[in-house]
Amino acid sequence: MGGQERCFFPAPNVLPMKHLLSKRFRQEIEGLLFVLPYLLLWGTFVLWPLGYGVYLSLFDWHPIRGSKFVGLTNYIALFKDVRFLNALSNSFKFAAMVVPLVLIIAFLFALLLWGWKGNRRLSSFAQAVFFFPYLLTVSVIAITWRWLLDPDFGFVTFIFKYFRIPAPTFLSDPFWALPAVALATVWWLSGYRMVVFQAALGDIPQELFEVAILDGAHLNQILFRVILPLMKPAILFSLVLTTISAFRTFGQVLMMTEGGPGRATEVLALYIYWNAFEYFRIGRAAAAGVVMLFFTLLLTLLGVKILGLRSELY
Amino acid sequence: MKKFLGVLVGIAVSWWLVSFGQVVEIEFNTLFHEADAKAMENIVNLFQSLHPEIKVRLVQGRWAQYYAELRLSVIAGNPPQLGICHVNRLVEMVDYLTPLDASPVGNLLELGGIDPALFPEATWKAGQMGGHQYLIPLDTHGWGLWYNKDIFAAAGLDPDKPPQTYDEFVAACEAIKKAGYYAFHPAEDALPRKLRRAWEIFYYQMGGELFDPAFTHATFNNEKGLKALEFLVNIFNAYGWNVVGGNGYAQFTAGKLGMLFAGNWFYPTVKQSGVNFGYAPVPNLFGIPYTWGASHQLCIPLQPAGTPREVYLAAMKLARFITENAYLWTMTGGHIAANSKALEDPRLLASDYWKESGHILNDMIQKGLVRFPINHPRGSELENAIETYIELAVVGQISPAEALAKAEAECNRILQGG
């Protein structure tokens with residue numbers, strides 16, 4: 001090649017204007033073709049259902065007897081329904097418990113593993129142990145925790161009894177039920193976020209730590225002035241993912257409590273599920289889905305606004 | 001070349017005969033799982049061995065979303081040709097089912113040779129709506145009293161004489177509690193809907209009704225409803241017969257529980273656990289010894305226009321076969337067959353299940369002591385409203401009086417279209 005890059009097109013300076021435009025156009029087409037398979041799938045399985053969901057939310061949907069356009073009636077009915085408001089509130093409470101806990105625990109695990117990186121065996125073993133719950137399906141998580149918290153046979157109950165402390169009936173107590181489901185969720189999700197944080201920690205140039213230490217920075221200064229600012233994109237990514245997961249939580253609630261006791265753990269996704277698949281009120285369920293999407297987007301944008309998209313490094 | 005073409009034509013004709021001329025393909029969707037699913041699979045396999053001209057695709061195991069899927073399959077124009085419908089769901093599902101006596105190809109009950117006289121009158125009539133028959137009864141299932149004979153003996157009770165009156169029942173519970181066991185669990189695994197069923201049993205035994213006949217308002221917030229709920233709440237609290245959140249199934253199979261209200265589907269589990277168990281009717285605690293129960297029935301979901309007559313007839317042939325051979329259903333699944341001929345089958349009468357529990361549940365059914373769930377287009381929502389507050393009362397979050405008042409208010413809101 002003689003140090004010259006291989007070029008499929010003649011050099012721009014010898015091309016007339018129309019060819020230049022044609023090249024740009026071709027590049028755009030090429031780019032579009034590359035993303036087209038993804039766009040097609042995304043459009044079919046995300047965009048179209050989303051649009052159809054919004055459309056359905058404006059109807060009293062009954063395809064056999066005939067659907068009726070009702071405008072915003074489903075939305076108005078939602079905000080008059082105490083059950084929906086309770087589910088919305090539970091979703092916020094759940095997210096408020098799960099998101100910070102997942103991020104903090106995952107970050108602490110990542111720091112721990114980072115500190116152990118000299119001992120490869122210990123580090124790999126601990127990483128596998130921390131990550132393992134994420135490999136399990138939601139049903140396994142729910143059944144495992146239901147048994148762990150069982151008031152008769154549960155291991156957690158046993159520990160309480162061993163230390164002669166009266167054990168709460170976690171899943172039957174309206175005060176404890178939501179935190180108990182949140183705890184199971186934190187156990188489940190922390191491993192994956194830990195891997196994200198580990199990767200981000202690994203990307204921080206070693207020289208920055210050396211300079212900080214030479215400058216006499218304390219541990220907390222290194223943490224807050226070096227590590228955390230440089231991990232912003234990873235934290236934002238984890239924050240967004242965890243917020244979405246927490247707000248859409250469904251399987252573990254259905255399998256651990258069915259939304260009870262009473263409606264103490266009935267979250268938005270469960271409310272939608274009952275309305276769609278048990279009561280077959282598709283219009284109302286679709287409206288609740290749109291509201292859930294709105295709040296998920298709102299929380300995500302809030303996270304982006306607070307943290308910003310870029311790390312301090314770039 | 002001619003030979004080759006001849007062979008090709010021969011293959012095509014044979015394929016056409018097999019595909020269109022002889023074998024009719026139908027799909028049968030059920031919501032059954034575990035032992036029930038196995039029992040239905042056995043019956044369908046038997047049918048297949050006797051009727052190779054009908055190919056049945058059996059789809060089972062979906063409980064939670066079954067009715068939604070059935071509706072959506074009708075909407076999508078791709079329904080199964082045979083399905084299952086709980087009798088109390090008819091009112092919700094009627095738009096999605098074929099009227100069997102007025103189908104597009106004629107009266108399927110007559111064409112399929114279904115004789116209504118073989119079924120209990122009340123169960124048969126429960127499958128009617130708007131002057132049409134939509135369902136064919138398969139079974140009746142319900143709750144009974146399971147008790148641990150070894151615990152009875154340890155508590156100084158007669159293992160062959162389970163309690164049947166209020167006084168006997170309370171005395172038995174106290175004796176079992178004193179012996180160091182959980183005395184009684186009224187609601188299987190204590191899920192909200194199970195707690196509601198337990199309360200309904202107590203309330204129905206007092207002669208109570210949940211709603212007025214026209215479903216204009218709730219009628220359970222009264223002295224009887226309160227007494228029934230207080231009794232339920234006290235079981236887990238004041239009486240100390242069990243603990244809040246306790247799983248009756250697990251307690252019983254672990255040999256820690258003296259008595260349990262549970263459905264006939266518990267039989268395979270308890271048998272496998274090795275517990276020395278006995279089975280009795282639900283005791284007469286408050287006047288009429290009612291128990292909670294329901295009925296699975298067969299239905300033909302609404303078929304797309306132009307569905308061939310042969311497909312309807314094949315579905316009816318399978319439906320008739322299932323009801324006539326429902327002894328297999330009872331022996332394996334535990335639900336009591338609705339077809340009287342199936343109930344007389346000597347293989348069923350000689351089975352362990354029948355001797356150990358089936359005949360007792362059948363006795364309750366024949367005496368009309370099994371109360372079916374409410375039948376209303378928004379029945380699921382009404383039940384949810386009731387069970388939500390019953391559970392809160394059981395866990396001590398609100399008082400029984402408050403629970404009934406809140407449940408009543410929510411039910412009335414639902415009944416008024418809210």
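# Helix packing, domains and chains in a predicted model

Author: In this predicted model, helix α9 (residues 192-205) of chain B and helix α18 (residues 379-394) of chain B have axes that come within 8 Å and cross at roughly 90 degrees. Because angles of 65 to 115 degrees count as roughly perpendicular, under 35 as roughly parallel, over 145 as roughly antiparallel and the rest as oblique, α9(B) is roughly perpendicular to α18(B).

Reader: How are two packed helices described?

Author: Two packed helices are described by the angle between their axes and the distance between the axes. An axis is a line fitted to C-alpha atoms, for helices over the stretch in contact, and angles run from 0 to 180 degrees between N-to-C directions. Helices (H or I, at least four residues) and strands (E, at least two) are DSSP runs, numbered from the N terminus.

Reader: Which residues in α9(B) meet α18(B)?

Author: Residues are in contact if their C-beta atoms, placed from the backbone, lie within 7 Å. P192(B), R193(B), L195(B), R196(B) and W199(B) are the residues in α9(B), and they meet E383(B), I386(B), E387(B), T388(B), I390(B), E391(B) and V394(B) in α18(B). By class this contact has six nonpolar, one polar and five charged residues; Ala, Val, Leu, Ile, Met, Phe, Trp, Tyr, Cys and Pro count as nonpolar, Asp, Glu, Lys and Arg as charged, and the others, Gly among them, as polar.

Reader: How is chain B divided?

Author: Domain bounds come from an automatic or database domain assignment. In chain B, domain 1 is 24-138 + 295-344 and domain 2 is 143-293 + 374-415. Their C-alpha centres lie 31 Å apart. Domain 1 of chain B gives seven residues to the contact and domain 2 of chain B gives nine. On the domain 1 side, α2 (34-50) and α4 (90-93) of chain B each give two or more residues.

Reader: And how is chain A divided?

Author: Chain A has domain 1 (17-69) and domain 2 (82-307), with 32 Å between their C-alpha centres. The contact takes seven residues from domain 1 of chain A and six from domain 2 of chain A. α1(A) supplies the largest share of the domain 1 side, three residues.

Reader: How many residues does the contact take from chain A and from chain B?

Author: It takes 22 residues from chain A and 24 residues from chain B. The chain A side divides into 11 nonpolar, four polar and seven charged residues.

Reader: How are residues and chains labelled, and which pLDDT limits apply?

Author: Residues are numbered from 1 along each chain as its sequence is written, while chains are lettered from A and ligands numbered from 1 in the order in which they are written. Local features need pLDDT of at least 70 and side-chain atom pairs count only at pLDDT 80 or more, whereas totals for chains, interfaces and linings use all residues.

Definitions and conventions: Contact = placed C-beta atoms within 7 Å.
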